[in-house]
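Please keep the sequence and the model side by side while reading.

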Amino acid sequence: MPGEPDYVLPLRWEDDAGLDELTGYLRFLTRHARVIVVDGSPPALYARHARRWRGLVTHVRPDPALGHANGKVAGVTTGLRLARAERVVIADDDVRYDRAALAAVTALLGRADLVRPQNHFAPTPWHALWDTSRTLLNRSLGADYPGTFGIRRAFFEKMGGYDGDVLFENLELIRTVRAHGGTEARPLGLYVRRLPPEAARFWGQRVRQAYDDLAQPLRLVTFLAVLPAVAALVRRRRYAPLAAGAMVTVALAETGRRRAGGRRVFPWTASLFAPVWVLERAVCVWPAVAAALRGGVRYAGRRLLVAAHSGRTLRRRAQLCGSGSPAARNPIALCEPSQNGLVAEAPQRHSATVARPGSMTAPS
């Protein structure tokens with residue numbers, strides 16, 4: 001049986017509305033893992049967290065020397081440097097493991113360098129059902145991008161970490177592991193609960209999440225084509241193709257819901273939201289492209305131009321740097337510039353969606 005994992009939780013809050021709930025979760029975690037909270041919150045909140053969590057978890061600031069534009073990556077990297085266990089779970093602050101899921105991820109790290117479980121919202125208000133339809137469509141074609149991973153610490157160190165100046169950091173991590181020849185486990189039936197965001201926060205994430213599609217060209221082109229096609233059909237009063245398209249989208253989502261026992265955690269009503277989500281993405285992808293032309297999308301006090309690098313770019317970096325070399329330990333600084341044009345903005349939260357005001361964001 002594998003030993004207990006380390007659990008890295010990157011955090012940046014602007015309010016403490018969920019402090020009691022999170023503290024209870026951390027108390028549960030410490031019975032099954034060594035917990036490292038990397039906290040980029042403002043000084044007053046950081047001090048409050050330090051008092052509440054003293055003796056419970058390892059509580060530290062992100063390493064300022066990293067200089068990542070994406071604070072979550074800085075938190076993950078700082079936590080991995082402090083980890084002692086070979087098997088490490090990375091999770092956003094809205095992720096809520098139970099004992100069985102934590103043990104399953106830890107066991108899978110015995111044969112894989114990266115483990116990619118599947119998140120599900122609980123509870124499921126209307127906007128969580130809306131966002132769940134995205135998860136179901138992703139599952140129908142492959143797997144969703146969760147707010148948590150398991151990773152082998154030695155492999156993370158070998159590949160030199162991953163780029164901290166991209167928006168879609170989860171996809172960047174997956175592609176970086178693949179570029180360095182790592183193995184990925186995608187257990188579609190391994191479900192980890194996630195807290196839903198507040199409705200206002202959900203609305204505020206629409207364009208930012210659409211920006212992630214810039215890292216997936218085929219998907220981007222598809223969504224750019226949807227809105228003109230719908231407009232042309234409506235103008236010609238051809239509603240039958242629209243109805244057929246909506247039914248196909250619902251069927252795809254339902255296929256994703258039924259895979260690997262998903263009906264246990266995904267409500268059937270989420271499949272009905274799939275056409276709504278597709279239309280939403282088809283609308284929001286246009287301002288996302290416009291943001292890219294203006295120098296990037298606003299995120300956590302900066303403008304991020306790159307959603308995620310292509311697999312080809314990351315493979316070229318891996319070959320150029322060489323795993324374990326000084327360049328691999330800091331591939332962005334020493335091998336290839338990540339991006340330009342970072343512009344200071346007002347600070348924002350930077351991790352996953354959380355069920356409280358002012359929460360952080362989730363991957364698309």
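The sections below describe the chain as a whole, then a sheet with its helix, then salt bridges, backbone exceptions and a surface patch.

**The chain as a whole**

The coordinates are those of a predicted model, and the secondary structure of the chain comes to 16 helices and 12 strands. Of the 364 residues in the chain, 57% are buried. Among contacts with a separation of 6 or more, 77% are between residues 24 or more positions apart. The chain exposes about 14900 Å², and carbon and sulfur atoms supply 59% of that area.

Strand β7 and strand β10 (residues 191–194) run parallel and are joined by four bridges; the bridge partner of Phe121 is Arg194 in β10.

**Salt bridges**

Side chains of opposite charge can pair when their charged atoms come close. The structure holds 23 salt bridges, and the table lists examples with the distance between nitrogen and oxygen.

| Salt bridge | N to O distance |
|---|---|
| Arg34 and Asp6 | 3.2 Å |
| Arg96 and Glu21 | 2.7 Å |
| Arg81 and Asp63 | 3.1 Å |

Arg34 and Asp6 form a salt bridge whose closest N and O atoms are 3.2 Å apart. This pair links distant parts of the chain, with Arg34 in strand β2 (residues 34–39) and Asp6 in strand β1 (residues 6–11), 28 residues apart. Asp6 counts as buried, because its relative accessibility is 3% and the cut-off for a buried residue is under 20%.

Between Arg96 and Glu21, the closest N and O atoms of the salt bridge are 2.7 Å apart. Arg96 lies in strand β5 and Glu21 in helix α1 (residues 19–29), so the pair ties together parts that are 75 residues apart in sequence.

The side chains of Arg81 and Asp63 meet in a salt bridge at 3.1 Å, N to O. Since Arg81 lies in helix α3 (residues 71–82) and Asp63 in the loop between β3 (58–60) and α3, the pair ties together parts that are 18 residues apart in sequence. Asp63 counts as partly exposed at 26% relative accessibility. Elsewhere, salt bridges that share partners join Lys72, Asp92, Asp94, Glu169 and Arg194 into one network; Arg194 is also the residue of β10 that is the bridge partner of Phe121.

**Backbone exceptions**

Most residues other than glycine have a negative phi, and most peptide bonds are trans. The peptide bond from Ala122 to Pro123 is cis, with omega near 5 degrees, and Pro123 is placed in the loop between β7 (118–121) and α5.

Arg237, although not a glycine, has a positive phi of about 60 degrees. Arg237 is found in the loop between α10 (217–235) and α11 (239–258), and it counts as exposed at 68% relative accessibility. Ala260 is likewise not a glycine and has a positive phi of about 50 degrees. Ala260 is found in the loop between α11 and α12 (269–272), where it counts as partly exposed at 39% relative accessibility.

**A nonpolar surface patch**

Which residues make the nonpolar surface patch of about 300 Å²? The patch is made by Leu141, Val248 and Leu252. With a relative accessible area of 73%, Leu141 is exposed, because the cut-off for an exposed residue is over 50%.

How values were computed: Residues numbered from 1 in each chain as written. Predicted model: local features only at pLDDT ≥ 70, side-chain atom pairs only at ≥ 80, totals over all residues. Heavy atoms only, no water. Patch = residues over 30% accessible without salt bridge, like charges linked within 9 Å, V, L, I, M, F, W, Y side chains within 5 Å. Areas by Shrake-Rupley, 256 points an atom, 1.4 Å probe, with all protein chains shown as cover. Salt bridge = Lys/Arg side-chain N within 4 Å of Asp/Glu carboxyl O. Buried < 20%, exposed > 50% of the residue type's maximum accessible area, 1.4 Å probe, protein only. Helix = DSSP H or I, 4+ residues; strand = E, 2+ residues; numbered from the N terminus. Pairing = 2+ DSSP bridges. Contact = heavy atoms within 4.5 Å.
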